[in-house]
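Dear colleague,

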Amino acid sequence: MNHPSLSSSYLPGSSNTYGHDWSQHALGGIIRTSGRHFIDNYGRVCGLRGVNLSGSSKSSSNHNNDTFPSKAETVTFVGRPFPLEEAPEHFARLRRWGLTFIRFLVTWEAVEHAGPGIYDTEYLNYIRDLLALLPQYGIIAFVSLHQDVWSRYSGGSGAPAWTLETVGFDLHELESTGAAWLKGVKGGGHIEEERGLWPCGYQKLAAATMATCFWAGDAFAPKLSTSNKKGDTISVQKFLQDAYLDMSEMVVRAVGDLEAVVGFEMMNEPHRGYVEVPSLHYFDYNTDLHLSAVPSAFESFQLGAGHPTEVAVWTRSFPMPTRKTGRAVLNVDKRKVWKEDGPTKGQCLWEMHGVWGWDKNKNAAIVLRESYFVKHPTNGKKIDWYTDFYYPFLNKWAERVRAASSADKIVFVEMIPNEFCPSSFTEDHQPPNIVYAPHWYDLNALFTKAFGDFTVNVQGLSRGMFPLKAFYWGHKGARNNFALQIRNIVEKAYQVLGEKPVIIGECGIPMDMNKGRAFKTDDFTWQAKMMDAMLVGLERAMVGFTLWNYNPYNTDLAGDEWNGENFSWFSQSRALPRNLLYYEQSSPSLDNGGRILSAVVRPYPAKTAGIPFKFEYEVTTGSFMFKWRNPGAETDTISGAPTVDKPSRSHPEIKALETEIFLPSLITHGRSVVVSGLEEDDSYVYDEARQTLFIVAKNTQPGFVHKVRVEIAALEGYKIRPPLFEANDFWSDFGMGACALLVLLCALLLGISGIGDNLLRRLDIIL
C-alpha cells in the first residue's frame with residue numbers, strides 16, 4: 001500500500017489524520033516491529049510516547065482501609081482506572097497532550113479475586129468496553145499484567161489473596177509477624193518514618209516466599225502440594241503458574257481481538273524471591289533496599305514461626321543511602337503467620353524443607369542449609385533464575401497469549417528492575433516478536449524525595465564508577481546524568497538483543513519532592529526541571545516510553561493513594577468538571593489539572609519517512625532539531641556493536657514521503673512556527689488544530705540525511721513568553737567566581753615568585 005504523499009500533486013497535510021494518531025486508519029494497517037523500530041504499513045518509523053494507565057488500577061474500587069485484608073473475595077476493580085462514562089475526558093486529554101501510547105495495567109486480583117478459576121466477567125467486559133474506545137482517539141495500548149511485592153496482601157499489588165493462603169499464610173498475621181508491611185496499601189506511606197518502605201517488602205517473608213514458590217517451587221518447595229480444578233494433586237509451582245496462565249488467557253480472550261490492543265506484557269518488575277539469595281543471614285545492600293527494620297531471610301523465618309527475633313534497623317544517611325543505626329525485637333507477642341489448618345499444618349514452609357530448625361537444647365533457631373537457594377537441592381547444580389525459571393515460563397506464557405489471540409501480537413518483556421538486559425537472553429530464550437521494555441527512575445530522587453542542582457548517577461556508583469564522575473551540577477548536568485543512564489540501559493539491550501525495539505515501560509518523577517513544597521507555593525519548577533531532564537535523556541536515546549503515571553484520582557495530599565506514592569502530574573482535584581470541557585485537540589480546557597505540562601507536552605517525530613537518528617528539543621525556547629536518514633541498500637550495514645547513534649540503515653521499503661511531527665498547540669498557540677533547514681524541493685504545513693507539522697521531503701536517494709529546525713517566535717503584538725527555567729550548569733553558576741579565584745591564585749604565585757627572585761638577588765649581592 002502506498003501513502004498518498006507519493007503523488008506529485010499531494011500537498012502536505014492532505015490526509016485526514018494527525019501525527020500522533022495510531023489507529024489502523026492512520027497507519028494503513030496494524031503497527032508492527034522492524035529492527036529496532038515500530039513501523040506503520042507505509043514503512044514509516046513510529047515514535048511512541050504515552051502513559052501508564054494507571055496507578056489507580058493497583059487498588060480495588062471498593063477498597064476499605066478499615067476492613068482490609070478481610071473480605072478479599074468481594075473486591076471489585078470495575079471502574080479502574082476510571083469509570084467508563086469518564087473515558088472521553090481522559091482519552092481526549094491524552095490525545096491533546098500527544099501521549100497516545102498506553103501501558104494498560106491489569107492485576108491478577110482484578111480478574112480472579114473470588115477464588116481459583118472464578119473469573120470476574122463484569123471486570124473483563126468493562127476493560128473490553130474501555131479499550132474498544134481507543135481508536136476514536138488515535139490511541140493504542142499494550143496490556144501489562146501488573147504486580148509489586150507480589151500482592152496487595154503482602155504490601156504491593158497484583159495477585160489475589162487466595163494465592164498466599166494456598167501456600168499457608170494467615171492474611172491477618174502478616175503484619176504482626178513482620179512478614180509484610182501493609183500500612184502503605186492502607187493509606188499510609190506519607191509520613192517520614194513510612195516513606196519509601198514498601199520496596200523492602202520484596203525481601204520480607206510473604207513476598208519472597210510467594211515469588212520463590214511461583215518461579216521455583218518444584219526445586220525449593222517440593223513438599224508443598226495442592227489440588228487443581230480437576231482434583232488432581234499438583235505442586236505449588238504448577239498450581240500457581242497454571243492459574244496465572246489461565247488468568248492471562250482470560251484477559252487476552254477478552255481484549256486481544258481489539259484494534260487498539262497491540263500486545264501484552266507478562267509481568268511488571270518480576271522478582272526472584274529467595275532464589276539465588278547469597279546468604280540466609282543478609283541481603284545484598286547494593287540490590288535490596290535496607291530501610292527501617294530489615295530481617296534477614298533466616299530472621300524472617302523465625303518471626304513467621306512465632307519466635308520474637310532481634311533484627312537490624314536502618315535509617316537514611318549520606319553518602320551511603322542508609323546505615324545500620326540499631327536493633328529491635330519484632331513479634332514480641334509470638335504470633336504465627338502459618339495457618340494451623342493450612343497446607344504446612346502451621347509449620348514454616350522453609351522449616352518443613354529443612355532449611356532451618358529449632359534447637360530445643362539451645363532454645364534457638366539454627367541454619368541447616370545455608371546455600372539452599374543458591375544450588376539445586378537435589379543435584380547441587382548452581383541455580384540461574386533467568387535461564388532455569390524465568391525464560392521457560394516467559395516462552396510458555398507467550399505461546400498461550402498468541403494461541404488465544406494472534407501471532408502478530410507483540411510480547412513486551414522486562415527483567416528485574418535496575419539490572420541491565422542479561423547476556424543470557426539470547427535468541428534461543430526469546431519468544432518471537434518481542435519488545436524489550438525496561439524501567440528507569442532516578443533512584444537518588446526516589447529515595448530522598450528531593451531534587452535540586454546536585455544530582456548523582458546511582459547506576460554508575462553501584463557498578464563501580466569513580467565517585468567524582470558520578471556527581472553532576474545544574475540542569476545541564478542533570479540532563480547529561482539521566483541521558484547517560486538511559487543510554488546505558490538501551491545500548492546494553494541492543495548489545496544482547498541486536499536490532500530489536502526498546503521502550504522504557506516506566507519512568508517518572510515524584511510530584512511531592514522537596515517535602516511537598518510545591519503544593520503550598522504552586523511553584524512546580526523543580527518538578528518541571530526533573531521531568532525535562534528525564535525526557536531529554538529519553539530523546540537522546542531515541543526510544544519511546546510510557547510515563548508513570550496518569551492517575552485520575554490523584555490529589556496533592558493523598559497522592560496516587562498507594563504506598564504514599566505521588567507520581568501523577570495530572571490531578572483531578574485541579575481539573576475542570578466534565579460539563580465545562582471540550583474534547584477537541586485544540587481545547588485548552590483539557591489542560592486544567594496538569595501540573596508541569598510545559599515539560600511533559602513537547603514535540604516529537606511521530607511518523608518518520610526514514611530512519612530517525614537525532615532529535616533535540618529545548619524546552620526553554622520551544623525550538624527543536626530533527627534529523628532522519630533515507631534507508632540504505634540492504635548491504636549498507638554498520639560495523640561494531642549497535643549504539644543509539646548508529647541504527648541499522650537497512651529498512652523495509654518506505655512507501656511515503658510525508659513525515660509527521662507532533663507539535664503541540666500548548667506551545668504554538670498565539671505564536672508563529674518558523675521552519676528552516678529543509679531542502680528547496682521540500683514542502684511543509686503546520687496544522688495547529690491537528691497539532692502536527694507535516695513535511696513532504698522529496699529526496700529519496702539512499703542514505704540522504706534530512707534535517708529540519710523549528711523555532712517558536714512571538715507574534716507581533718504578543719508578549720514574549722519567559723523561559724520555563726534557566727538551563728544552568730557549573731560554569732554559568734560559578735564560572736565568574738572560579739575565574740576570579742584562578743586569577744587570584746596566579747597573582748599569588750607570581751607574587752611569591754617575584755619575592756623569591758628578589759631574595760636571591762639580595763643574597764647574591766651579599767655573597
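Strand E23 (residues 623–629) and strand E28 (residues 705–714) are joined by six bridges and pair in the antiparallel sense, where strands (E, at least two residues) and helices (H or I, at least four residues) are DSSP runs numbered from the N terminus, and two strands pair if DSSP finds at least two bridges between them. This is a predicted model, in which local features need pLDDT of at least 70 and side-chain atom pairs count only at pLDDT 80 or more, while totals for chains, interfaces and linings use all residues. Residues are numbered from 1 along each chain as its sequence is written, and side-chain values use heavy atoms, with hydrogens and water left out.

Taken together, the four strands form an open, antiparallel sheet in the order E22-E23-E28-E25. Strand E22 (611–618) and E25 stand at the edges and have a single partner strand each, so one side of each is left without a neighbour in the sheet. From one strand to the next, the twist averages 15°, an angle that, like those below, runs from 0 to 180 degrees between N-to-C directions, with axes taken as lines fitted to C-alpha atoms (for helices, over the stretch in contact).

The helices come next. Helix H13 (residues 474–497) packs with helix H15 (residues 525–541) at an angle of about 40°, their axes being 8 Å apart. That makes H13 oblique to H15, since angles under 35 degrees count as roughly parallel, over 145 as roughly antiparallel, 65 to 115 as roughly perpendicular and the rest as oblique. By class, this contact of H13 with H15 has 11 nonpolar, three polar and four charged residues; Ala, Val, Leu, Ile, Met, Phe, Trp, Tyr, Cys and Pro count as nonpolar, Asp, Glu, Lys and Arg as charged, and the others, Gly among them, as polar.

Helix H4 (residues 121–131) and helix H7 (residues 236–255) likewise pack at an angle of about 40°, with their axes 9 Å apart, and they are therefore oblique to each other. Leu124, Ile127, Arg128 and Leu131 of H4 make the contact with Met250, Val251, Ala254 and Val255 of H7, where contact means heavy atoms within 4.5 Å. These residues divide into seven nonpolar, no polar and one charged.

Finally, is His37 buried or exposed? His37, which is found in strand E2 (residues 37–39), is buried, because its relative accessible area is 12% and buried means under 20%, exposed over 50% and partly exposed in between (1.4 Å probe, protein chains only).
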